[in-house]
Amino acid sequence: MKHIKIVFAVIILAVTFISFKGVHKHKETEKAEITAIFDDCIIDLEAQLEASLKMDQLGASEIQVVEINEEIDLGFDVFEYLPIDFNANAGNNLTEQDFEIFEKEEIVDLGFDTAAYLPTEFNAYAL
């Protein structure tokens, strides 16, 4: 009976140690999977950074514009609805005056001299 208890205790200890070893192996495989995913993310990030740096070094002459002219089928003939003398390119003779972006600054007259109310050597454009 005494030997059975010892054998039983040894078996319980062996099973316990084996289960701990299995948990340890599971954690190692999980850690390896996480490391692999992290490495993939790092590789993707490095590739994106390299592509970004290459884009910063491009000159304007190196960029090629590709225009794709696709015909669009509306299901009806559009020429039936346009005037006979219609020209889609008629308004293409634009000048720089047509694209005036900045408005001209208007001078505002307040009716008095503002310099009298400002400190000496005042510069509104100084940083």
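**Close-up views of aromatic and nonpolar residues**

**View 1. Tyr-117 on the surface.** Tyr-117 is exposed, as its relative accessible area is 64%. Exposed means over 50% relative accessible area, buried under 20%, and partly exposed in between (1.4 Å probe, protein chains only). This is a predicted model, where local features need pLDDT of at least 70 and side-chain atom pairs count only at pLDDT 80 or more. Residues are numbered from 1 along each chain, and side-chain values use heavy atoms, without hydrogens and water.

**View 2. The pair of Phe-76 and Tyr-81.** The structure holds two aromatic pairs. In this one, the ring centres of Phe-76 and Tyr-81 are 5.6 Å apart and the planes stand at 90°, so the pair is edge-to-face. Rings of Phe, Tyr and Trp (its six-membered ring) pair if their centres lie within 6.5 Å; planes under 30 degrees apart are stacked, over 60 edge-to-face, and the rest tilted. Phe-76 is partly exposed, at 46% relative accessibility. Tyr-81 is exposed, at 61%.

**View 3. The pair of Phe-112 and Tyr-117.** Here the ring centres of Phe-112 and Tyr-117 are 5.6 Å apart. Their planes lie at 85°, so this pair is edge-to-face. Phe-112 counts as partly exposed, with 48% relative accessibility.

**View 4. A nonpolar surface patch.** The patch covers about 900 Å². Among its residues are Ile-72, Leu-74, Phe-76, Phe-79 and Tyr-81. Patch residues have over 30% relative accessible area and no salt bridge; nonpolar side chains (Val, Leu, Ile, Met, Phe, Trp, Tyr) are joined within 5 Å, like charges within 9 Å. A salt bridge is a side-chain nitrogen of Lys or Arg within 4 Å of a carboxyl oxygen of Asp or Glu. Phe-79 is exposed, at 63% relative accessibility.

Conventions
Accessible areas come from the Shrake-Rupley method with a 1.4 Å probe; for residues, only the protein chains shown count as cover.
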